[in-house]
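Here are my notes for your read-through. Please keep the structure open beside them.

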Amino acid sequence: MHGAYHGEYKVPGGKLVVVDLDAEDGVLRNVRVAGDFFLEPDEAILAIDRALEGAPVDTDTPGLAARIDAALPPDTRMFGLTSEGVGVAVRRALAHATDWTDYDWQLIHEPPQSPALHMALDEVLTAEVAAGRRPPTLRVWEWGAPAVVIGSFQSLRNEVDPEAAGRHGIQVVRRISGGGAMFIEPGNTITYSLSVPDALVQGLSFTDSYAYLDDWVLGALGAMGVRAWYQPLNDIATDAGKIAGAAQKRIVTGRGAVLHHVTMAYDIDADKMTEVLRIGREKLSDKGTKSAKKRVDPLRRQTGLPREAVIERMIASFRGRYGLSEGHVTEDELTRAKELAETKFGTEEWTARVP
């Protein structure tokens, strides 16, 4: 590995870190760290550069962070910057990672679709991004029916009470990503997907990619008066409780792509949710609460805004950061998605693949 490299990383909840470096004979040379962060004392920036000089090019992020921490003056103060963030920027430089602004983003926000078709659209659109036939896409969902969406590896019988689901007219579908069950009611839920090239998350760990891909929505929520943060691995939380859960699926065909989707609670019928979902005691204990109803604090109460206004402000926030043009699902994409909805996502074989 030889040559000059440039990497950027927006620290979730923090500032931009920019790294320029050379790679010579298997080590880092001429490392220059910059960005819009705050750092005291001034000489700390030179200590960071020196700490990275001569590091083997295959040093992982924790190893790079450890070198930085060991070299910093004892009175160093960082604002909007972390040693790990610098390490990530280095890894992204060496991996030739792209940035959000390298792409022409497309928005899809279409009329309500069935739960099964939404599952299929996620798979088809992300595959199209991997193949290079579709630009990176933000898709905002509108739900055509109430549903429970279970993770790819969850047990159907362990997660859902079928009698309660039937009584409330709730469909059960299984998505292609992992993670936990989501309780969906059309007027009470905000769901979006990002279908992005694999290059956008190069150099990020699986955990870091979650926070990185949703940093924009934390900013949007903040502008609406909601102080939100990422709670690893895949929750968006506030002081009042969880408001969203995320999940991902990696597509390895073509150029590679990542599907990252998030379901947010705008409002919620907590009694109905606890009837339909079998929420185990161990999960509640892990979240630090005794009641499932206390785990979710909807955006309606926190923002005081109509659901449509919350969505509009989220879209505007994304557009302001990265640019966003209006798009649509193509005829070919919709045809393929409808076929998948019928032959895969709408079948008992798929839904009950983990009984």
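1. Start with the helix pair. Helix α1 passes helix α2 in a right-handed crossing. The axes of α1 (residues 44-52) and α2 (residues 61-71) come within 8 Å and cross at roughly 135°. That angle makes α1 oblique to α2.

2. Who makes this contact? On α1, the residues are Ala 47, Ile 48, Ala 51 and Leu 52. On α2, they are Leu 64, Arg 67, Ile 68 and Ala 71. By class, the contact between α1 and α2 has seven nonpolar residues, one charged and no polar.

3. A word on confidence. This is a predicted model. The average pLDDT of the protein is 94, and 95% of the residues score at least 70. Residues 280-291 need caution: pLDDT there is below 50. Beyond near neighbours in sequence, that stretch has 11 contacts in the model.

4. Now the sheet. Eight strands form an open sheet with mixed pairing. Their order is β12-β13-β14-β15-β11-β7-β6-β16.

5. β12 pairs with β13 (residues 235-238) in the antiparallel sense, over four bridges. Ala 228 stands opposite Thr 238 of β13.

6. Two helices to check against the strands. Helix α4 (residues 115-131) lies across β6 (106-109), β7 (137-140), β11 (189-197), β14 (241-251) and β15 (257-265). α4 runs at about 145° to β15. Helix α7 (residues 206-213) lies across β11, β12, β14 and β15. α7 runs at about 120° to β14.

Key: Residues are numbered from 1 along each chain as its sequence is written. This is a predicted model: local features need pLDDT of at least 70, side-chain atom pairs count only at pLDDT 80 or more; totals for chains, interfaces and linings use all residues. Side-chain values use heavy atoms; hydrogens and water are left out. Two strands pair if DSSP finds at least two bridges between them. Contact means heavy atoms within 4.5 Å. Axes are lines fitted to C-alpha atoms, for helices over the stretch in contact, and angles run from 0 to 180 degrees between N-to-C directions. pLDDT is the predictor's confidence in each residue, from 0 to 100. Angles under 35 degrees count as roughly parallel, over 145 as roughly antiparallel, 65 to 115 as roughly perpendicular and the rest as oblique. A crossing is left-handed if the near helix is turned anticlockwise from the far one by less than a right angle, and right-handed if clockwise. Ala, Val, Leu, Ile, Met, Phe, Trp, Tyr, Cys and Pro count as nonpolar, Asp, Glu, Lys and Arg as charged, and the others, Gly among them, as polar.
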